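Colleague: I am new to this structure, and I would like to learn how to read it. Could you walk me through it feature by feature?

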Amino acid sequence: MKITIIVNPTAGNGKSLKRWEKFKHKLNFIYDFHMTTSPKHATALARKCAETGESQFIIAFGGDGTAHEVIEGTLDCSNCIVGVVGAGSGNDFGRGFLSFRNAHEVNKYVQSQRVAIEMDIGLMNDQDKKYYFVNNAGIGFDAYIAYQVNKSPVKKILNKFNLGKLAYTFFLIKTLVTFKHFDLTVNMPNHSKKLEKVWFATVSNQPYFGGGMKISPQSNPADGQIELTVVHHLSRIKLLLVFVSVFFGKHTSFKEVHQMSATSFSLTTNNTMYRHTDGEYAGKTSPHFADEFSVLPKRWRMTKLT
Ligand SMILES: Nc1ncnc2c1ncn2[C@@H]1O[C@H](COP(=O)(O)OP(=O)(O)OP(=O)(O)O)[C@@H](O)[C@H]1O
């Protein structure tokens, strides 16, 4: 089996590279190595490995974005196993999936039988484009905050002082004051629902989002289902309360939080709304045109750690 390590040096605002410099000296096997040079590069590198037809063990070294990109490059590769070393800022992947915590665990896996488990991936399809999501995809309030934080130069400056979360808090408060709700029509295989005054709708493949919030406690990335969480009809103050309770997975007891499980959801908004997939900007909704969210079961293979 060929082993390839793909490192995103920019993940965790550069901390990933520093961690890699120490990590590599503890590895006791032979591997190919690539450093990404731009967004989506990890997908191209992983796809190249997958296309060789050889058995491949590909390790993504970075944050959620890097894990996502490597997985996307190995979709439907039955000879590929993806392993992840979480070295980003949010690292929700490591909360919902099992990832390597240190070099010792990677060495141990390489020396073992290298057992793999098949995992689901989510797909968001609008009229023009497909977007995959490993963790979750969303529309509305949270997507707009993620968009603002990612494009803000302030985030880079604050990250240098380990204060990246302050940027998120700033945009959360700003958006809380200015955000205008939307109406959402949800179509599922056997019923439909109209929800008014919606703050956000999140479709989850695994429980965590936003850097540790357990938004969808019942999600399981290997069960052939995805879960929709819709938060609507509540005041700005109560929304803050919901956000706090999400950290403890207690938000599901609020009557304004709707959760449902299915293999697909078709979501239509009445206004243009920001979207994200795995925390990255994924365009905007078009009013009255549906975005299709579905689960693609068992489409990639992950290290099974014991
Ligand atoms: N050399 C590079 N220069 C600039 N951006 C890069 C480079 N390599 C990868 N990227 C991009 O960096 C983005 C962020 O990476 P990643 O999500 O892994 O780290 P993070 O944002 O710190 O972690 P998390 O998502 O867990 O908070 C990804 O969207 C990826 O496309």
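Modeller: Gladly! Keep in mind that this is a predicted model. Let us begin with the largest nonpolar core, which has 70 residues.

Colleague: Which residues of that core touch the most other members?

Modeller: As a general idea, nonpolar side chains in soluble globular proteins tend to be buried together. Here, the members with the most contacts to other members are Ile6, Ile58, Ala60, Phe61, Val70 and Val82. Helix α6 (residues 141–151) gives the largest share of this core, 7 residues.

Colleague: Let me zoom in on one member. What is Ile58 in contact with, beyond its neighbours within four places in sequence?

Modeller: Ile58 meets Thr4, Ile6, Ala46, Cys49, Val70, Thr74, Cys80 and Val82. There is also another core, apart from the largest one, with 5 residues, including Tyr208, Phe209, Met213 and Ile215.

Colleague: Now to helices. How should I read a pair of them?

Modeller: Two packed helices are described by the angle between their axes and the distance between the axes. Take helix α2 (residues 41–51) and helix α3 (residues 64–73): their axes come within 7 Å and cross at roughly 35°. The crossing of α2 and α3 is right-handed.

Colleague: Which residues meet there?

Modeller: From α2 come Ala42, Thr43, Ala44, Leu45, Ala46, Arg47 and Ala50, and they meet Thr66, Glu69, Val70, Glu72 and Gly73 of α3. By type, the residues of this contact are 6 nonpolar, 3 polar and 3 charged.

Colleague: And the two domains, how do they sit relative to each other?

Modeller: The centres of domain 1 and domain 2, taken over C-alpha atoms, are 27 Å apart. Their contact draws 14 residues from domain 1 and 15 residues from domain 2. On the side of domain 1 that touches domain 2, α3 supplies the largest share, 6 residues. That side of domain 1 holds 4 nonpolar, 6 polar and 4 charged residues.

Colleague: One last stop, a loop residue. Is His251 buried or exposed?

Modeller: His251 counts as buried because 23 C-beta neighbours lie inside 10 Å, and the cut-off is 20 or more. His251 sits in the loop between α9 (236–246) and β13 (257–262). Leaving aside neighbours within four places in sequence, His251 is in contact with Val242, Ser245, Val246 and Val257. Pro217 is 34 residues from His251 in sequence, with 9.9 Å between their C-alpha atoms.

Methods:
Residues are numbered from 1 along each chain as its sequence is written. This is a predicted model: local features need pLDDT of at least 70, side-chain atom pairs count only at pLDDT 80 or more; totals for chains, interfaces and linings use all residues. A nonpolar core is a set of buried Ala, Val, Leu, Ile, Met, Phe, Trp, Tyr and Cys residues joined through C-beta atoms within 7 Å. A residue is buried if 20 or more other C-beta atoms lie within 10 Å of its own, exposed if 12 or fewer, and partly exposed in between; C-beta atoms are placed from the backbone. Helices (H or I, at least four residues) and strands (E, at least two) are DSSP runs, numbered from the N terminus. Two residues are in contact if their C-beta atoms, placed from the backbone, lie within 7 Å. Axes are lines fitted to C-alpha atoms, for helices over the stretch in contact, and angles run from 0 to 180 degrees between N-to-C directions. A crossing is left-handed if the near helix is turned anticlockwise from the far one by less than a right angle, and right-handed if clockwise. Ala, Val, Leu, Ile, Met, Phe, Trp, Tyr, Cys and Pro count as nonpolar, Asp, Glu, Lys and Arg as charged, and the others, Gly among them, as polar. Domain bounds come from an automatic or database domain assignment.
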